[in-house]
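Thanks for coming. I'll take a few minutes on the pockets in this one.

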Amino acid sequence: MQLVPELSKKIINEVQRVISEDVIVINPSGTIIASTDEMRVDSFHEGAVIVMETKKKLYITEEKAKKLIGVKPGINLPIFFEHDVIGVIGITGIPSNVEPFAEIIRRMTELIIREAAYMEKKEWEQRGLEAFFYEWIYTNSMDQAFIDRGHILGVNITIPYLCLLLQVDQELSPEEYKKIQTKLSTWFDSNFASYKNDFLLRWGHGRFILFKDTRHSKSSKLIKQELEALRLDFITNYQISISIGGGKSIESVQKSYQEAGKALKVAQKRNRVVCYDDLLLDIVLEEVTEETREVFLDRVISSIRNDAELLITLKTLFSNNHSLKKTADGLHIHINTLHYRLKQIKDLTGINPKCAEGITMFYLALSFLDEDKHMKIK
């Protein structure tokens with residue numbers, strides 16, 4: 001572990017909460033890398049060199065300060081990390097006055113450094129897992145070296161994994177994103193930490209992925225309930241929308257990931273947790289290319305695509321299971337007006353919205369139209 005300026009400034013800020021005296025942090029070469037007095041940064045401190053050599057606290061009196069280079073009266077303390085001295089922290093002032101704070105300051109400093117080292121280790125582990133699972137999803141072959149790397153990271157590739165994708169549906173500042181990540185990690189630790197083969201990883205901008213070991217007893221229904229509770233919690237307490245899509249297959253992590261991606265697209269439209277098991281017509285719709293969608297829309301509803309009244313009439317008709325009475329009531333119009341609008345749709349498009357073929361074509365067209373609008377919004 002090395003003392004870097006960013007970490008040293010954090011130490012200075014934390015120590016200042018305890019004492020008001022000037023504080024400096026010095027690296028092993030004797031250079032001040034952080035200070036409450038900016039003018040001292042990058043200057044040489046001879047007292048710190050002595051502390052590094054002796055590994056002991058150094059009291060600097062007025063007389064001693066005159067003999068040593070770059071020092072002021074006070075106390076210099078060695079900073080230990082895993083039994084090695086990695087730097088020095090200095091407190092300016094009359095030694096007898098600052099002495100009561102000395103050991104507290106050292107312990108606080110070393111605690112901050114241990115915490116930073118732990119977080120750095122966790123970050124490297126996280127990055128290693130992200131790279132491993134990314135390679136696993138997109139590779140076609142797994143050699144022994146890949147399997148061994150998985151074992152080092154604590155990943156057994158023989159485990160039947162289920163993939164779930166979580167997508168933050170709005171732009172976030174770096175601070176907001178960090179809060180979201182912390183919140184998700186806390187949620188994961190409380191719900192899945194006891195299952196050592198589950199992993200929650202970052203997966204691109206605003207996206208996270210949960211790899212779920214399907215061998216333990218927690219049911220898919222319970223997992224879905226926990227995810228829905230998480231989604232609602234974000235909306236209620238953070239005013240942040242998160243879409244969640246889950247795969248189905250467990251025989252292939254690649255296939256489960258693809259399924260989760262399709263479910264996520266539908267989840268972003270429905271504003272709820274969607275698993276691949278929930279999809280019926282959506283499975284077909286997701287396979288249709290954007291070019292094919294546009295051709296279909298052009299042939300079916302090009303003549304009424306910009307007629308909001310007729311499109312709303314069709315949507316209301318479908319949402320009421322083709323009941324003319326309920327549709328008229330829902331639109332607050334006379335049933336004769338509804339018949340007139342349906343005739344307009346037939347005349348303009350050449351497709352009868354009352355027959356089975358027409359119902360199918362208009363339903364698909366409206367589904368594609370909704371998807372098209374969603375893509376433009378995103």
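This is a predicted model: local features need pLDDT of at least 70, side-chain atom pairs count only at pLDDT 80 or more; totals for chains, interfaces and linings use all residues.

Residues are numbered from 1 along each chain as its sequence is written, and side-chain values use heavy atoms, without hydrogens and water.

The largest pocket has a volume of about 1000 Å³. A pocket here is an open set of points on a 1 Å grid over the protein atoms alone, where a 1.4 Å probe fits, with protein on both sides within 12 Å along at least five of seven lines; lining residues have an atom within 4 Å of a point. Volume is the space filled by probe spheres set on the points, which are joined across faces, edges and corners.

There are 26 lining residues, and Lys122, Gln126, Gln181, Ser185 and Leu200 are the closest to the centre. Two or more residues each come from α4 (95–138), α6 (174–192) and β7 (199–202). The largest share, nine residues, is from α6. Helices are DSSP runs of H or I, at least four residues, and strands are runs of E, at least two, numbered from the N terminus. By class, the lining has 13 nonpolar, five polar and eight charged residues. Nonpolar means Ala, Val, Leu, Ile, Met, Phe, Trp, Tyr, Cys and Pro; charged means Asp, Glu, Lys and Arg; the others, Gly among them, are polar.

Now the second largest pocket, at about 330 Å³. Of its 13 lining residues, Asp282, Tyr363, Leu366, Ser367 and Asp370 lie nearest the centre. The largest share of this lining, four residues, comes from α14.
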